[in-house]
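Hi there,

Here is the structure I promised to pass on. Have a look at it first, and then read on for what turned up.

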Amino acid sequence: MAGAGQVHRAEGQDRVSRRPDANQADASQAANQAGDPAYRFASPDLVGSELRAAGYLPDERISSVVYLGDRLGKPVLVEGPAGTGKTELAKSVAAMTGRRLIRLQCYEGLDEAKALYEWNYSKQLLRIQAERAGHERADWSELQADIFGEEFLLARPLLAAIRAPDPVVLLIDEVDRLDAETEALLLEVLSDYQVSIPEFGTVTSTQTPLVFLTSNNSRELSEALKRRCLYLYIDYPAPERERDIVLSRVPGFDVTLAGQVAGVVRSLRQLELKKRPSVSETIDWAQTLSLLGVQEIATDLVIDTLHVLLKHQSDIEKATAELQRSR
Ligand SMILES: Nc1ncnc2c1ncn2[C@@H]1O[C@H](COP(=O)(O)OP(=O)(O)O)[C@@H](O)[C@H]1O
Ligand SMILES: [Mg+2]
């Protein structure tokens, strides 16, 4: 793996001699030559039209926060209910800019070794054994310099994004699933775009990645994390936007029918449900209606297909009762 990040030696590591890394110099030069500017979007409107061209339908606020995140070089924290297009936004920004997407999927128990980096222990061990077999008395400090070098470092998504020689989008998905301790690991990456590795040094990025964090709001994130980010709340879309999302995701779907779909979903969301239908479910429902060849939405049809929109039996029963009452 080419090390594109600039490496500053960690204090106390001066004993460790390091080979000059030719790849590293080449890669940073390449990044500079590519002219990766500090920003690339000309205006929020342009962000909007480029996102639409990539198949993502933003509202004005989404376009403007993406624009600012790029201009200010700040990560964007996207919060909101599940299935409202948070992950899709980061993917679409990668698609529209032609940047590579590096994704860190967060989960409970995710640790430093899976998020940042780890040392390739078995390879280190093999090197030590080979060294011992070759020499009577291997020089430990030389060996140490060797086994804590680039070759033995396994970069996980955060380090990979920092070291990437090419411009990337870093998606830290569902950050609210991390425990508070692991969340703290993100702070250095998010504020300085660098990673400190005690045995190796500090790896600094040569390009500012576009960073998106998503959260389903399952817990409050730390103030320290929020301070480093721009904040974007994505709620369920307004009916016209949801209609347009359906039209863009379900080819050939009728415009009037799409409007009705958005209206029904909106009224279901107003009920007191365990899990309100998300945009993904709206799309699934529209696809179902399309497969069934439905021309118009009648109450019985809604009741019969509620299981596509709602995923709890109690929610289905509640919605059925409500639909029958309003018939
Ligand atoms: N603004 C949007 N434009 C186009 N598709 C969208 C939009 N918002 C949501 N979607 C659709 O909804 C699905 C779910 O979105 P996703 O980003 O996975 O939700 P979450 O907010 O849970 O990360 C996506 O696969 C996408 O098809
Ligand atoms: Mg998501």
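Before the details, one term: a crossing of two helices is called right-handed if the near helix is turned clockwise from the far one by less than a right angle, and left-handed if anticlockwise. Please also keep in mind that this is a predicted model.

On the H11 side, the contact is made by Glu242, Ile245, Val246 and Arg249, and H13 brings Val279, Thr282, Ile283 and Ala286. By class, that gives five nonpolar, one polar and two charged residues.

H13 (residues 279-292) also meets H12 (residues 255-269), where the axes come within 11 Å and cross at roughly 135°. This pair is therefore oblique too, and H12 passes H13 in a right-handed crossing. Leu257, Ala258, Val261, Ala262 and Val265 of H12 touch Thr282, Trp285, Ala286 and Leu289 of H13. Here the contact has eight nonpolar residues, one polar and no charged.

Now to ligand 1. Which residues come nearest to it? Of the 16 around it, they are Gly85, Lys86, Thr87, Glu88 and Val279. Helices H4 (86-97), H11 (239-249) and H13 each give two or more residues to this shell, which divides into six nonpolar, seven polar and three charged. Domain 1 (6-116 + 156-233) and domain 2 (239-325) both contribute to the shell, so ligand 1 lies between them.

Happy exploring!

Methods
Residues numbered from 1 in each chain as written. Chains lettered and ligands numbered in written order. Predicted model: local features only at pLDDT ≥ 70, side-chain atom pairs only at ≥ 80, totals over all residues. Axes fitted to C-alpha atoms, helices over the stretch in contact; angles between N-to-C directions. Helix = DSSP H or I, 4+ residues; strand = E, 2+ residues; numbered from the N terminus. Parallel < 35°, antiparallel > 145°, perpendicular 65-115°, else oblique. Contact = placed C-beta atoms within 7 Å. Nonpolar A, V, L, I, M, F, W, Y, C, P; charged D, E, K, R; others polar. Near = placed C-beta within 6 Å. Domains from an automatic or database assignment.
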